[in-house]
Each structure stands twice: as C-alpha cells, then as structure tokens.
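Please read this briefing alongside the sequence and the structure shown below.

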Amino acid sequence: MIEVRELRREFRIATSKGLRRNHKTVTAVDGVTFDVRAGEAVGYVGPNGAGKSTTIKMLTGILVPTSGHLRVGGVDPSRQRRDLARRIGVVFGQRSQLWWDLPLQDSFDLLRSIYRVPAQDYRTRLDECVELLGLQETLLTPVRQLSLGQRMRGEITAALLHAPELLVLDEPTIGLDLESKERLREFLADINTRRGTTLLLTTHDLDDIERLCPRLMVIDHGRVLADGPLDELRAEVTPERELVIDLREPGPAPDVPGVTAVRSEAGGLRHHLTFRRAETTAAQLITQVVRQVEVHDLAVVEPEIDDVIRKLYQRQLDQDAHR
Amino acid sequence: MLAGMTANVVFGMLRVAILAAALEAADGEIADYDIAATNTYVWIGQGLLGFVLLWGTNELAERVRSGDVVVDLYRPWHLQSAMLAQDLGRGGFAFLTRLAPPMVFGVLLFPFQFPASSAQWPLFLVSAVLALVVSFACRFLVDASAFWLLDNRGLYGFWNVTSGLLCGLTVPVSFFPGWARDVLWLTPFPALMQAPIDVFLGHGDVTGVLLHQLFWAVALLGAGHLVLQRAVRKVVVQGG
C-alpha cells in the first residue's frame, strides 16, 4: 500500500536578524524507509517536530519530497495527487474538512458530489457510520455548533464516504475525553478488521497505539528509530520487568538472586523488584519471594509504552554521542 | 444582504449627486455621458459591485496563513475550478439580491437610459458574467500570492484601492485623458466594470468589448492555474 525508500524533505528557514536575511536548511525527514501492507494498522509516533506531519503531507501528495522514492497505492502522490485523493482518506485532528456553516448532513452531501460516490453506496456507508458512531442526533446541526467529539466523529465519517483503501489520521484523538477516544478507537479497529482499510495514524496518545496498532514506528529527528510489533519493541528496549509486592508487616526487601534493582515505598510496606525477563520468570521469582516474606499482594508490571519510547530516544542519543 | 443592498443604494445616491454636479459644471455632458447615461452608469455600477464582487474575502489567503489549505489541496478537485464554481453560484444569488435592486431603484427614481435594442440585454448579461469571471481570476491571483508572501494583506489592500479607480467604478474610464484611456484598455481593469456598462449603454464597439473581456478571463484564469500548480509544488504548508 505504501512504499517509502530513503525519503528526504528539507526546508529553508529564514533566519532574519536586523536587516540581514539568511536562510538555513533544516531536514525534517531524513532518509526514512518503510513499507505498509494493505490492511495493516500502523502507529507513527514521535515527539513534536520529529517529522510525522511532514511525512504525512508527502504521503498525501501535498508536499513534494526533496529526494527519495515514494509510492502510495502504486502511484506517486505529488504527481497524481487527484487520483490518489479519490482512493485515500485523511483526517487531521487539528483541521476540519467539514463546512463550518453547514449542517453535517450537507457537508456529507457535498463530499459525495466532490468524490462522485454512487448514491446507493453513499447511503449504505453513511448509515453505517452514523449508526456505529452515534451521529443520528447531530446530522442536522451546523458544524460550528458541534462539540469536538461530535465533530471528530463527523470528520472520520467524511473521510470514509468514498471507501478509501487507506485512511491517514493525524492525531485523531487530540483533545477528546476518554469516552470519545474509546468510541473512536473501537470504530477504527472495526473498520480496519472488517473492511480491511489500511490505517496509518500519528498520535501522542499511546493508548491509541496499544488499542489499535499491532505495529509501531517511532520517528525522531526525521529518522525511523524503531519499527515492529509493540511487544517486540518493548522486550528489546526494556528487557526488565518489575514485581511489586505489598508486605503484611513493614520490613526489608527479600533478597532474591536475579533481582537487579530494589526500590522501597511506604516505610518498607511496598517493594519494587526489577528483574530481567531473559534470566528469571515471574513465577520463579514469586515462589522465592513468598518463601522469604509474608506477602499481602503482588503485581507484575509491564513497562509502559511511554518508557519504551523514551528508551528508544535515549538509545538513539547515546548512539549519536558515540559517533 | 439587506445591509449590502442598502449600502449600494445610499452610495449610489452620493455618486449620482457628485457626478450630476460635475455634469452641470461641464454644461450637461462629459465624454459621451449626459445626465441619463450618468445615472444609468451609476446604478448599474452599484449593482455590478456586489455581483462581480470586486472586493472579495481573501479567504484562500487566510486558509494559506492558517494552514487549513491542506484540506483544500488533498481533495480530488481542481481547487481553482471548484472556487470558480462556488463564485458563479454566489453570483447567481447576488444577481437577485445585489444587481437587480439598485437598477430597479435607478429606473424608478432617476432618468434612465435603456438599451437602444433589445439584443443588448442578453449581451449585457454575458458581459456581466465575464466581468465576474475576470474579477474572480484577479482575486484568485491576489489570494494565491499568500503562498509566497504568507501575509498578503498589503497586496490585498493595494488591489482594493486601485481596482475601483481603474475599472471605471469611481468615474467612467472615458473621463480619463485619451492616453490614459488607451493604456487602461490594454489592462484587464475595464473588463471588471466598465465593459458591461458600455455594453448596456451602447458605448463603443460591443464585440471588441466582449473579446477584451474574454481574452482577460482566459488569460487570468490560465495564470491562476499556473500559479496554483507552482505553489503546490514548491510551497510549505504551515504548521503541524
């Protein structure tokens, strides 16, 4: 579906000081290579300014790459922008493709004409989205009066009316409350599995990834730092797991071989034991701990996805420092 | 809408008063304008103002500034054609609410010069639509400058000030000295306003006027198309 090889994009930034005008070249995307197969759901994450949106603009044909090879659905996006636009859907969390003054229904009708969707298909798709996203009440409301959550559901419906093969979402859950986020994720997961629509989404909300994307790509400073299933990245970057035990009586942490770090809380009532998953299993560790102290409660903690990503950045920084 | 109509009519009366005073000072006729032709000129002009929309909204430029233009660019349409279609639709509505009322007002209350032959009516309509297209094409170019300037308010203001004077809105183009008149008819400005008025009044050569408009409509739309193409290929879209 998407084929990216050594993609680069530079920008000339004006740096004016007094009357002197200079330009410096900033590389926003610096040799990115990846493939996305049809039907995949891929999360594209990275800090602000990492190059996510620039990549997306190139994928949708709005921005021309400085160099590199790029194909989306078999076509060169910037050269065949209009052909491509008929086949992909784009949702920008911070922009609207709906008509501000018109009711949602009228915006959808306009899009039907713009994308030349047959009436029958349009009806079926719209009804499906309206039902799954609960838009019945809002169809006749002008877009400017919708809440953010309602508007985002409208935006996603708008992007799906022409049944795109690929749906690109740029921070679709930004600013939404937990319930609206969950509803949106559920809907997107459903579209992905049932219709086979390929999803590519950028986000700062890692729950989106956890919930939606079996595959994660991490980008920073215009380069791909990691690409793979979330579980694998987690195991690779943070080989440690943590066992949290609550004791009945305050006391010292149990001394167990294989535990690499210990942190205590609540005056010795709670202990965090870090262990390497390659060396010890949680079960072995628990058996040994229970033998030594009287345990009230215990939990095995997987590293948070934030930690995984932070470690990936750190690793990249270290590598850069050694070079 | 009502406000626009009222403003057109009130300013129309002001202009009639000023030009009538000028005519009196010039013994009743300037160039080929007597009092009836002058009134007609003013009321058609007031009507055309809202119809051709000389001073537009600068909306595309605002969308370039905010970065919202990405949404317009990834749609499977030709942005300029889509905007022209929208403007023609607006013109259809403005025909009823902005073009017709000042003309009716002028017919009812002032000496009015009707076309000598009934064939001039449809030709006037054609000329008015061409004026709208030329006006759109000019506004599109002013708007599109935002792709490079980012803030095009200076150019937009310059356009607003000069276009009114040069297109024949402030005074008829034939009031200008001969050399200036000749120079002006080499530019697209008369096509915006003076051309349909001339067709209505039967001033000058109708075919020549219409061809002048047609030429500029095609040339400026073509220029807009090239500018947009270039903008999309080289220009940075603002923001996240």
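The crossing of α2(B) and α11(B) is right-handed, where a crossing counts as right-handed if the near helix is turned clockwise from the far one by less than a right angle, and as left-handed if anticlockwise. This is a predicted model, in which local features need pLDDT of at least 70 and side-chain atom pairs count only at pLDDT 80 or more, while totals for chains, interfaces and linings use all residues. Residues are numbered from 1 along each chain as its sequence is written, and chains are lettered from A and ligands numbered from 1 in the order in which they are written. Helices (H or I, at least four residues) and strands (E, at least two) are DSSP runs numbered from the N terminus.

**Helix packing in chain B**

- The axes of helix α2 (residues 35–53) and helix α11 (residues 194–201) of chain B come within 10 Å and cross at roughly 135°; axes here are lines fitted to C-alpha atoms, for helices over the stretch in contact, and angles run from 0 to 180 degrees between N-to-C directions.
- That angle makes α2(B) oblique to α11(B), given that angles under 35 degrees count as roughly parallel, over 145 as roughly antiparallel, 65 to 115 as roughly perpendicular and the rest as oblique.
- On the α2(B) side, Ala37(B), Thr40(B), Tyr41(B), Ile44(B), Gly45(B) and Leu48(B) meet Pro196(B), Ile197(B), Phe200(B) and Leu201(B) of α11(B), two residues being in contact if their C-beta atoms, placed from the backbone, lie within 7 Å.
- Sorted by class, this contact of α2(B) with α11(B) has eight nonpolar, two polar and no charged residues; Ala, Val, Leu, Ile, Met, Phe, Trp, Tyr, Cys and Pro count as nonpolar, Asp, Glu, Lys and Arg as charged, and the others, Gly among them, as polar.
- Helix α2(B) also packs with helix α6 (residues 120–144) of chain B, at an angle of about 50° and with the axes 8 Å apart, and the two helices are therefore oblique to each other.
- α2(B) passes α6(B) in a right-handed crossing, and the contact is made by Leu48(B), Phe51(B), Val52(B) and Leu53(B) of α2(B) with Ala128(B), Ala131(B), Leu132(B) and Ser135(B) of α6(B).
- The contact of α2(B) with α6(B) has seven nonpolar residues, one polar residue and no charged residues.

**Helix packing in chain A**

- The axes of helix α4 (residues 119–133) and helix α5 (residues 148–160) of chain A come within 10 Å and cross at roughly 155°, and these helices are therefore roughly antiparallel to each other.
- α4(A) passes α5(A) in a right-handed crossing, with Arg125(A), Cys129(A) and Leu133(A) of α4(A) and Arg153(A), Thr157(A) and Leu160(A) of α5(A) making the contact.
- By class, the contact of α4(A) with α5(A) has three nonpolar, one polar and two charged residues.

**Sheets of chain A**

- Six strands of chain A form an open sheet with mixed pairing, in the order β5-β6-β7-β3-β8-β9, where two strands pair if DSSP finds at least two bridges between them.
- The edge strands of this sheet are β5 and β9 (223–229) of chain A, each of which pairs on one side only, and the twist averages 15° from one strand to the next.
- Helix α8 (residues 230–237) of chain A lies across β8 and β9 of chain A, running at about 115° to β9(A).
- Another open sheet of chain A has three strands in the order β2-β1-β4, with antiparallel pairing; its edge strands, each pairing on one side only, are β2 (20–36) and β4 (67–72).
- Strand β1 (residues 2–17) of chain A pairs with β2(A) in the antiparallel sense over 14 bridges, and the bridge partner of Arg12(A) in β2(A) is Thr25(A).

**Domains and the contact between chains**

- Chain A is divided into domain 1 (2–234) and domain 2 (239–302), with bounds that come from an automatic or database domain assignment, and the C-alpha centres of these domains lie 43 Å apart.
- Between the chains, 18 residues of chain A are in contact with 12 residues of chain B.
- The elements giving two or more residues to the chain A side of this contact are α1 (52–59), α2 (81–87) and β5 (88–92) of chain A, and α2(A) gives the most, with three residues.
- The residues on that side of chain A divide into nine nonpolar, five polar and four charged.
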